[in-house]
Amino acid sequence: MDPKKVISRYKLTLELLQKVELKNKPSVLKKGDSFINYDEKTQKIGILISGLLYSTYIAESGTEWVSRFFFPPNNFIVSNHRSFYLGKNSSESIRAYEDSELICIEKEEFKYLLDHNSKFERTVRILAEESYIQALERIHSFQSLNAEQRIRKFFEEYPELGKKLQRQHIASYLGIHRNILTRFLYKI
């Protein structure tokens, strides 16, 4: 994605939200606090103003895996979309990796904004399209890149994130064992 477009879309979203009256004021999640817990019905979407959150799921083997990181401006919409849109219990947990500030939009409020604010609806559509493209790229990298290539790609695309995160979280996100990541990092 074009970094200028990402930053522009993020700023436009924040500007748009300042112009509408929302039920909730921005709130702070402290490091380790949950935005969404496993098996919880998701009734809100977060717009991340600052900080870092991460999403995990539990595989059938019982292993917990990191599936996403939320950070502005690249990935600032915090949600378990499946639970939010389908009304199902969340199969993910989303927690604050560091102290983070968010704007929370309740489900009914979100629907109202989509129906009554064309700029909001357009912005949500574009962000959904971008999110879909990001998901496809991640799937393709898992299918076509080996562990070393995935590691290189991650650190090239997200150098600042690579400095903030613990190795086990990066390894989990990349679908590899932490020792593989550590060995690779010692090589470079």
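This is a predicted model.

**Exercise 1.** Find out how far apart the closest N and O atoms of K111 and E108 are, and say whether each residue is buried, partly exposed or exposed.

*Solution.* Start with the distance: the closest N and O atoms of K111 and E108 are 3.9 Å apart, and the two form a salt bridge. The cut-off is 4 Å, so this pair counts. Finally, check accessibility. K111 has a relative accessible area of 39%, so K111 is partly exposed. E108 reaches 53%, so E108 is exposed, since exposed means over 50%.

**Exercise 2.** Work out which parts of the chain the salt bridge between E92 and R68 links.

*Solution.* First, the contact: the side chains of E92 and R68 meet at 2.6 Å, N to O. Then locate the partners: E92 belongs to strand β6 and R68 to strand β4, 24 residues apart, so that distant parts of the chain are linked. The boundary for buried is under 20%.

**Exercise 3.** Describe the largest pocket by its volume and find which element gives the largest share of its lining.

*Solution.* Begin with the volume, about 1,300 Å³. Of the 46 lining residues, those closest to the centre are N75, E130, S131, Q134 and A135. Then compare elements: α4 gives the largest share, 13 residues. Last, sort by class: the lining has 26 nonpolar, 10 polar and 10 charged residues.

Conventions. Residues are numbered from 1 along each chain as its sequence is written. This is a predicted model: local features need pLDDT of at least 70, side-chain atom pairs count only at pLDDT 80 or more; totals for chains, interfaces and linings use all residues. Side-chain values use heavy atoms; hydrogens and water are left out. On a 1 Å grid over the protein atoms alone, a cavity is a set of points where a 1.4 Å probe fits but cannot get out, and a pocket is an open set with protein on both sides within 12 Å along at least five of seven lines; lining residues have an atom within 4 Å of a point. Grid points are joined across faces, edges and corners, and a volume is the space filled by probe spheres set on the points. Helices (H or I, at least four residues) and strands (E, at least two) are DSSP runs, numbered from the N terminus. Ala, Val, Leu, Ile, Met, Phe, Trp, Tyr, Cys and Pro count as nonpolar, Asp, Glu, Lys and Arg as charged, and the others, Gly among them, as polar. Buried means under 20% relative accessible area, exposed over 50%, partly exposed in between (1.4 Å probe, protein chains only).
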